[in-house]
Amino acid sequence: MANIKSQKKRILTNEKAHQRNVAFKSQLKHAIRKTREAIAAGDKDEAQKAYALASQKLDKAAGRSVIHRNNAANHKSALALAINAM
């Protein structure tokens, strides 16, 4: 544990940010998984609805620097290709 007061505060704020990021990544993974499941089931309408939600969450995560913007773009591209191939 740090001795400096400002460093102690940074440790606490970093932990709060970490908890927020973990929660956000969990929601993101859930949205992506739901889209992939709809694609695997062959339900194009459901897949498109799930893709819209996943795309929104990916953009938001990239905007908040939870994930890198290229990572978000690659996920969106792969999901869109899979839906269009149905």
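Analyst: Buried means under 20% relative accessible area, exposed over 50%, and partly exposed in between, with a 1.4 Å probe and protein chains only. This is a predicted model, in which local features need pLDDT of at least 70 and side-chain atom pairs count only at pLDDT 80 or more, while totals for chains, interfaces and linings use all residues. Residues are numbered from 1 along each chain as its sequence is written, and side-chain values use heavy atoms, without hydrogens and water.

User: Why is Thr 35 called buried?

Analyst: Its relative accessible area is 0%, and the limit is under 20%, so Thr 35 qualifies. Thr 35 sits in helix α1. Beyond residues up to four places away in sequence, Thr 35 touches Ala 47, Ala 50, Tyr 51, Ala 54, Leu 79 and Ile 83 (heavy atoms within 4.5 Å).

User: Which residues of α3 are buried, and how do you know that they line one face?

Analyst: Ala 72, Leu 79 and Ile 83 are buried in α3. Down the helix axis these buried residues fall within an arc of 40°, taken from the directions to the C-beta atoms, so they line one face. They pack against α1 (5–41) and α2 (44–63). The face turned away from the buried side carries exposed Asn 74, Leu 81 and Asn 84.

User: What makes up the largest nonpolar core?

Analyst: The largest core has 16 residues, where a core is a set of buried Ala, Val, Leu, Ile, Met, Phe, Trp, Tyr and Cys residues joined through side-chain atoms within 4.5 Å. Leu 28, Leu 58, Ala 61 and Ile 67 have the most contacts inside it. Helices α1, α2 and α3 each supply at least two residues of this core, and α1 gives the most, with 6 residues.

Definitions and conventions. Helices (H or I, at least four residues) and strands (E, at least two) are DSSP runs, numbered from the N terminus.
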